[in-house]
Amino acid sequence: MTGPVTTTAPSGARAALHRLRAEVAKAVVGQDAVVTGLVIALLCRGHVLLEGVPGVAKTLLVRTLAAALDLDAKRVQFTPDLMPGDVTGSLIFDQRTAAFTFREGPVFTNLLLADEINRTPPKTQSALLEVMEERQVSVEGERRPLPDPFIVAATQNPVEYEGTYPLPEAQLDRFLLKLTVPLPEREEELGVLRAHHAGFDPRDLRAAGVRPVAGVADLAAARAEVRGVHVAEPVLGYIVDLCRGTRSAPALELGASPRGATALLNTAKAWSWLAGRDHVTPDDVKAVARPTLRHRLRPRPEAELEGVTVDAVLDSVLATVPTPR
């Protein structure tokens with residue numbers, strides 16, 4: 001997934017979000033596609049699974065995006081001994097008042113980076129995923145809503161599985177997108193080294209020149225415009241046929257659910273809006289199909305042994321399902 005090409009003069013909200021790419025690039029090199037994915041998640045009120053080896057600036061990316069959007073961001077390092085209350089918050093006894101008070105956990109933020117989510121046991125994973133779905137924390141019968149916007153960017157290491165607790169399919173399905181954070185190209189990596197050699201400090205984004213270029217009001221206006229994007233009946237049928245095509249793919253034992261089809265509809269609308277269109281085209285659907293569906297599919301063990309990847313199966317489905325004209 002690369003960034004959409006704007007076809008018309010941008011609206012005020014669209015122009016503000018387009019400025020993000022240049023602002024984030026002041027601190028993060030070569031991750032335009034991931035930035036676009038995170039913006040789509042914000043527009044759709046969804047969550048993102050980031051997969052990449054350590055050291056590709058996943059934490060810096062989320063922090064920079066939050067700074068450019070004037071949003072609050074927090075990071076949680078998931079470990080085997082992390083408890084649900086460490087994430088959501090808990091009641092503590094205040095000796096001065098002789099009463100219990102609620103201490104907010106790190107989920108009370110706008111952008112939460114859940115680092116190495118597969119390193120914590122299922123009980124803590126479930127607590128976070130429940131918060132992601134309900135957008136609130138319930139303690140002793142009292143509901144505490146999270147800020148809006150609120151999205152989780154959870155990371156996974158694709159090459160290390162020892163001592164991890166892989167997310168089950170039902171929980172993976174709760175993420176709107178799965179984005180692959182690639183290693184930089186040679187010239188991009190040279191740019192990273194030059195920046196650090198010149199004194200760039202990833203802990204001081206203000207010194208790097210990162211400034212807010214959009215805010216909560218821009219996001220609210222953008223979401224309203226995205227909801228108004230038109231989707232013709234043939235395109236709706238195309239989305240359904242793509243998802244049904246994954247369910248009948250011989251290499252897969254689990255295809256995309258109706259929730260996956262709904263997610264594909266929403267991400268395609270956001271992509272189309274970012275491109276400056278007021279309607280979704282089949283090409284918009286194709287552009288977001290892989291990041292929207294790849295984590296919702298499970299290959300058969302024999303297909304995995306033969307080296308078949310989920311992305312390859314998606315490519316085959318996209319090539320065989322007829323495209324509406």
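In this predicted model, helix H9 (residues 233-247) packs against helix H13 (residues 310-320) at an angle of about 135°, the two axes lying 10 Å apart; axes are lines fitted to C-alpha atoms over the stretch in contact, and angles run from 0 to 180 degrees between N-to-C directions. Helices here are DSSP runs (H or I, at least four residues), numbered from the N terminus. Residues are numbered from 1 along each chain as its sequence is written. Local features need pLDDT of at least 70 and side-chain atom pairs count only at pLDDT 80 or more, while totals for chains, interfaces and linings use all residues, and side-chain values use heavy atoms, with hydrogens and water left out.

On the H9 side, Tyr238, Leu242, Gly245 and Thr246 meet Leu314, Val317 and Leu318 of H13, contact meaning heavy atoms within 4.5 Å. These contact residues divide into 5 nonpolar, 2 polar and no charged (Ala, Val, Leu, Ile, Met, Phe, Trp, Tyr, Cys and Pro count as nonpolar, Asp, Glu, Lys and Arg as charged, and the others, Gly among them, as polar).

A cavity is a set of points on a 1 Å grid over the protein atoms alone where a 1.4 Å probe fits but cannot get out, and lining residues have an atom within 4 Å of a point; a volume is the space filled by probe spheres set on the points. The largest cavity contains about 90 Å³ of space, and H1 gives the largest share of its lining, 4 residues. Its lining comprises 6 nonpolar, 2 polar and 1 charged residues. For the second largest cavity, the space is about 30 Å³, and H1 and H2 each supply at least two lining residues.

Methods: 1 Å grid on protein atoms, 1.4 Å probe; cavity = no way out; pocket = protein on both sides within 12 Å on 5 of 7 lines; lining within 4 Å.
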